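This report describes the secondary structure, surface and selected residue contacts of one protein chain.

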Amino acid sequence: MVANLKREALERLSEHTSNKNEELGFATNIPFLQLSPWTLSPGQKYSSAVNSSDTWTGPLADASAEDTKADVDAVDKVFSDLLDMINAEKNSLLEDVDETDAGAHWPDRGQV
């Protein structure tokens, strides 16, 4: 048995994606870093700056804040879902495979 190189590559991609999500203030899907029910979502954080007394207030500010919240939370969901898909693929693979398995020679440099 040898290491599954495809799984190892997906582990590195998962870690990189999680780190980038964290840098952006988005979901990392790591339990201790996830938002608690009392923490603002990324959209709530950004939208609160749109409609604050030292920035801008009024009906149009309210609407812009809601739009900002929805848009930022939608991007957060896309990045969170991407990390979920990477992890699902990674977790579907064995850590060690037979030497004849494609994962042992991944990526196969002979293919285009």
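This is a predicted model: local features need pLDDT of at least 70, side-chain atom pairs count only at pLDDT 80 or more; totals for chains, interfaces and linings use all residues.

Residues are numbered from 1 along each chain as its sequence is written, and side-chain values use heavy atoms, with hydrogens and water left out.

**Overall make-up**

The chain contains 3 helices and 2 strands, in the order β-α-α-α-β from the N terminus. These elements are DSSP runs numbered from the N terminus: helices are H or I with at least four residues, and strands are E with at least two. Chain-level values are listed below.

| Property | Value |
|---|---|
| Buried residues, of the 112 residues in the chain | 27% |
| Contacts between residues 24 or more positions apart, of those with a separation of 6 or more | 70% |
| Accessible surface of the chain | about 7800 Å² |
| Part of that surface belonging to carbon and sulfur atoms | 56% |

Buried denotes under 20% relative accessible area, with a 1.4 Å probe and protein chains only; a contact requires heavy atoms within 4.5 Å. Accessible areas come from the Shrake-Rupley method with a 1.4 Å probe.

**Helices α1 and α3**

Two packed helices are described by the angle between their axes and the distance between the axes. Helix α1 spans residues 5–24 and helix α3 residues 59–91; their axes come within 9 Å and cross at roughly 160°. Helix α1 is therefore roughly antiparallel to α3, a term applied to angles over 145 degrees. The axes are lines fitted to C-alpha atoms over the stretch in contact, and angles run from 0 to 180 degrees between N-to-C directions. The crossing is left-handed, that is, the near helix is turned anticlockwise from the far one by less than a right angle.

**Two residues in the helices**

Arg7 lies in helix α1 and is buried, its relative accessible area being 11%. Apart from residues up to four places away in sequence, Arg7 touches Lys90, Asn91, Leu93, Leu94 and Glu95.

Ser64 belongs to helix α3. With neighbours within four places in sequence set aside, Ser64 is in contact with Val50 and Trp56. Ser64 and Ser47, 17 residues apart in sequence, have a C-alpha to C-alpha distance of 7.9 Å.

Key
Angles under 35 degrees count as roughly parallel, over 145 as roughly antiparallel, 65 to 115 as roughly perpendicular and the rest as oblique. Buried means under 20% relative accessible area, exposed over 50%, partly exposed in between (1.4 Å probe, protein chains only).
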